[in-house]
Amino acid sequence: MIKINPKKLILIDAIGAILSSIIIVFGLIYLDDILGMPKKILRLLAVIPLFYFIYSLFCYLKIEKLNNFLKIIALANLCYCLLTLTFVFYHFTKLTIFEVFYFILEIIVLIILSIIELKTSKNIT
């Protein structure tokens, strides 16, 4: 297994979270006339990663031993995946192929990141 510096990993998480919010806000909410996911849900899916960004950035800047903090953000990411997947299934018939592709890709990336975060958190001494 590749060893990843916990500080770099939490920074990657922060960058990913802010990118997710930006993509949803500017890419999906403003195109809601042609997309099927309700705007209210898109707002929620954009706001949650903002909190994850703040948390991850705070951890990156202020916390030295990140094992428990990595576990927390990994579990939060997995909860976000579950929430997103629930919305995708519930609104599936209204979604465009672009939306389905985006959300599934985001879920896959987050699951991989969460697994790496959980494994890394176990290896911190």
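1. Helix H1 (6-28) is the top contributor to the lining of the largest pocket, giving seven residues. Helices here are DSSP runs of H or I, at least four residues, numbered from the N terminus. For pockets, take a 1 Å grid over the protein atoms alone: a pocket is an open set of points where a 1.4 Å probe fits, with protein on both sides within 12 Å along at least five of seven lines, and lining residues have an atom within 4 Å of a point.

2. Before going on: this is a predicted model, with local features needing pLDDT of at least 70 and side-chain atom pairs pLDDT 80 or more, while totals for chains, interfaces and linings use all residues. Residues are numbered from 1 along each chain as its sequence is written, and side-chain values use heavy atoms, leaving out hydrogens and water.

3. Back to that largest pocket: its volume is about 290 Å³, counted as the space filled by probe spheres set on grid points joined across faces, edges and corners. Of its 17 lining residues, Gly 16, Ser 20, Glu 106, Val 109 and Leu 110 sit closest to the centre. Besides H1, helix H2 (39-62), H3 and H4 each give two or more residues to the lining.

4. Now His 91, in the loop between helix H3 (67-90) and helix H4 (97-123). His 91 is buried, at 6% relative accessible area (buried is under 20%, with a 1.4 Å probe and protein chains only). Leaving aside neighbours within four places in sequence, His 91 contacts Met 37, Pro 38 and Ile 41, a contact being heavy atoms within 4.5 Å.

How values were computed: Buried means under 20% relative accessible area, exposed over 50%, partly exposed in between (1.4 Å probe, protein chains only).
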